[in-house]
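Try each task before you read its solution.

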Amino acid sequence: MASGNVLAQWTDDLAQSTRINGKVAHYTGQAELHDLIQDGLSARAMGDTDTATARLAKAHRLAAESGREDTARLLEKVVEVDPATGTARLRRAVDKADEIELDTGSVRTSRLRKEGS
């Protein structure tokens, strides 16, 4: 059985009590990014190009917005997104090694920088 300490701050302020902590939001976004990549690659493997394109394009946007340039670059090997219009399309020829790297790379987590560093 594991145990740990939890820091809690009690408040009667409804706005403060419903605000998502930045660290929690970061990890929630990383989980969503992982799920989008996995769903997109699965859909691509099954020939569902519409779903694959939508999931992988959204993953690319999320990776770029969250500063995951490494993941965005890997996604660009599978899906092409026009930065001006946001239009996305799957690449026809994708190296299997690039697809595997994207698949395995999507499960990596990254450490948050401490504020002020």
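**Exercise 1.** Which residues of helix 4 are buried?

*Solution.* Start with the ground rules. This is a predicted model, where local features need pLDDT of at least 70, side-chain atom pairs count only at pLDDT 80 or more, and totals for chains, interfaces and linings use all residues. Residues are numbered from 1 along each chain as its sequence is written, and side-chain values use heavy atoms, with hydrogens and water left out.

Next, the terms. Buried means under 20% relative accessible area, exposed means over 50%, and partly exposed lies in between (1.4 Å probe, protein chains only). Helices (H or I, at least four residues) and strands (E, at least two) are DSSP runs, numbered from the N terminus.

With these in hand, the buried residues of helix 4 are Thr-71, Ala-72, Leu-74 and Leu-75. They sit on the same side of helix 4, because they cover an arc of only 160° around the axis; the arc is that of the directions from the helix axis to the C-beta atoms.

**Exercise 2.** Describe the place of Arg-68 and its side-chain partner.

*Solution.* First locate Arg-68: it is in the loop between helix 3 and helix 4. Then check its cover: with a relative accessible area of 7%, Arg-68 is buried. Finally, look for a partner: the side chains of Arg-68 and Thr-71 are joined by a polar contact of 3.0 Å. Such a contact is a pair of N or O atoms within 3.5 Å; within protein, one must be able to donate a hydrogen and the other to accept it, and residues adjacent in sequence count only if both atoms are side-chain atoms.

**Exercise 3.** Characterise helix 3, from its span to what follows it.

*Solution.* Begin with the span: helix 3 has 17 residues and reaches 24 Å from first C-alpha to last, close to the expected 24 Å. The expected span is 1.5 Å times one less than the number of residues. Now list the buried residues of helix 3: Ala-52, Thr-53, Leu-56, Ala-57, Ala-59, His-60, Leu-62 and Ala-63. Thr-49 also lies in helix 3, but is partly exposed at 44% relative accessible area. To end, Gly-67 follows helix 3 and has a positive phi, near 80°.

**Exercise 4.** Which members of the largest nonpolar core touch the most other members?

*Solution.* Recall that a nonpolar core is a set of buried Ala, Val, Leu, Ile, Met, Phe, Trp, Tyr and Cys residues joined through side-chain atoms within 4.5 Å. Among the 18 residues of the largest one, Ile-37, Leu-75 and Leu-102 touch the most others. Helix 2 (22-45), helix 3 (49-65) and helix 4 (69-76) are the elements that give two or more residues to this core.

**Exercise 5.** Is Glu-99 buried or exposed, and what does it touch?

*Solution.* Glu-99 is found in helix 5 (residues 96-105). At 11% relative accessibility, Glu-99 counts as buried. Leaving aside neighbours within four places in sequence, Glu-99 is in contact (heavy atoms within 4.5 Å) with Leu-41, Arg-44 and Val-94.

**Exercise 6.** What pattern does the protein chain follow along its sequence?

*Solution.* Count first: the protein chain has five helices and two strands. Then read them in order: α-α-α-α-β-β-α.
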